[in-house]
Amino acid sequence: MPSPVMIGIDWGTSSFRASLVDRHGEALESRESPHGILAVPDRDFAGFLRHTIDDWLAAHPGMPILASGMITSRNGWIETPYQPLPLGIKELAHALVSADAPGLGQVHFVTGAVQSPEGERPDVIRGEETEIFGYLATQGVSAGTFLLPGTHNKWLTVEQGRITRFVTCMTGELYALLREHSLLGRTMRQGEFCPEAFVRGVQTARRHPGELLATLFTTRSLHLFDQLSPEHSADYLSGLLIGEECLGQLRLGPPPEQVTIIGRPDLAERYRIATELLSLPSTLATPGLSRHGQLAIARAAELIPC
């Protein structure tokens, strides 16, 4: 059986994952929990982590522990400084923040990235940078356009192995707000994903670019005139929002040759459908990239042998 070389912690706002990682970046064992940074009792992050992986620590004393994601935010365990663009793996490795924790030893925290902090539209990422470098390491590439969908979607550009640009779109959070707290959501019913309704939403966004505040109401008006069922309304709304998001990115400049989508399979599939409809070829990446990125950063920081 392969031997582990690192413990990788992917700790977000609403989820936690710990992995015992071998030298190839594969998880020999993983443990997941809904205890994201906002759900840890008494904010005792060290105690929660120690309790979760105590047997790993006993079996592999002194093994490097790397943590990435929102655990390094203002609401997390330790707030690490953002690193400016362009950002490569050497800069991330050099910027690791290490802290001693009782019963854990040293924990090494991966920092996030910042774009235009003094500008009109400052932007930040935490955790996505680690996934991107995991993809680069596993695929042997050094450039590309990447989309990481979630509550706050991230579009990133990588050139010569360094992140050179990114933008955050609050599409996921806006969808949740409209569905749960607006007039549009009152007539929606839970149902299986309807690709036809989703495509209809994307096509409406394409025919009316920049008119989202007006087209949103069609989720209601189409239902009033029996053109959209309650079971399909949520997917139509999703198509409107995702379509407008993708169109907005295409308006920023020449379209990329391809976009690589990294995220939860069901959500990533929606973005694959939308980008293909908008003549933007896309491909879906395999999951588990955070631990590969953590491994690459640990090697660049000389915490483990190459």
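Two strands pair here if DSSP finds at least two bridges between them. Helices (H or I, at least four residues) and strands (E, at least two) are DSSP runs, numbered from the N terminus. With those terms in hand, K154 stands opposite T168 in β12. Please keep in mind that this is a predicted model, in which local features need pLDDT of at least 70 and side-chain atom pairs count only at pLDDT 80 or more, while totals for chains, interfaces and linings use all residues. Residues are numbered from 1 along each chain as its sequence is written, and side-chain values use heavy atoms, with hydrogens and water left out.

**The five-stranded sheet**

- Five strands make up an open sheet with mixed pairing, in the order β12-β11-β10-β13-β14.
- Its edges are β12 (162–169) and β14 (282–284), each of which pairs on one side only.
- On average, neighbouring strands of this sheet are turned by 25 degrees against each other, direction ignored. Axes are lines fitted to C-alpha atoms (for helices over the stretch in contact), and angles run from 0 to 180 degrees between N-to-C directions.
- Strand β11 (residues 153–159) pairs with β12 in the antiparallel sense, over seven bridges. Within β12, F166 is the bridge partner of L156.
- Helix α3 (residues 128–139) packs on the sheet and touches β10 (144–148), β11, β12 and β13 (259–261). The direction of α3 makes about 135 degrees with that of β10. Contact means heavy atoms within 4.5 Å.
- Helix α9 (residues 265–277) also packs on the sheet, where it touches β10, β11, β13 and β14. The direction of α9 makes about 165 degrees with that of β14.
- A hairpin is formed by β11 and β12, with two residues between them. In its turn, Q160 has a positive phi of about 50 degrees.

- Two packed helices are described by the angle between their axes and the distance between the axes.
- Helix α8 (residues 233–250) packs with α9 at an angle of about 60 degrees, and their axes are 10 Å apart. This angle is why α8 counts as oblique to α9. Angles under 35 degrees count as roughly parallel, over 145 as roughly antiparallel, 65 to 115 as roughly perpendicular and the rest as oblique.
- The α8 and α9 crossing is right-handed. A crossing is left-handed if the near helix is turned anticlockwise from the far one by less than a right angle, and right-handed if clockwise.
- On the α8 side the contact is made by D235, S238, I242, E245 and C246, and on the α9 side by R270, Y271, A274 and T275. These residues divide into four nonpolar, two polar and three charged. Ala, Val, Leu, Ile, Met, Phe, Trp, Tyr, Cys and Pro count as nonpolar, Asp, Glu, Lys and Arg as charged, and the others, Gly among them, as polar.
- Helix α5 (residues 195–207) and α9 cross at roughly 40 degrees, and their axes come within 10 Å. That angle makes α5 oblique to α9.
- The crossing of α5 with α9 is right-handed. F198, V199, V202, Q203 and R206 of α5 meet R270, I273, A274 and L277 of α9. The contact of α5 with α9 divides into six nonpolar, one polar and two charged residues.
- The axes of α5 and α8 come within 7 Å and cross at roughly 40 degrees. That makes α5 oblique to α8.
- The α5 and α8 crossing is right-handed. Among the residues making the contact are F198, G201 and A205 of α5, and S238, I242 and L247 of α8. The contact of α5 with α8 divides into eight nonpolar, five polar and four charged residues.

**The three-stranded sheet**

- Another open sheet has three strands in the order β5-β8-β9, with mixed pairing.
- Its edge strands, β5 (83–84) and β9 (123–125), each pair on one side only.
- β5 and strand β8 (residues 113–115) run parallel and are joined by two bridges. Here Q83 stands opposite A113 in β8.

**Aromatic pairs**

- A search of the whole structure finds nine aromatic pairs. Rings of Phe, Tyr and Trp (its six-membered ring) pair if their centres lie within 6.5 Å; planes under 30 degrees apart count as stacked, over 60 as edge-to-face and the rest as tilted.
- One of them, W11 with F45, is edge-to-face, at 5.6 Å centre to centre and 90 degrees between the planes.
- This pair links distant parts of the chain, with W11 in strand β1 (residues 4–11) and F45 in helix α1 (residues 45–59), 34 residues apart.
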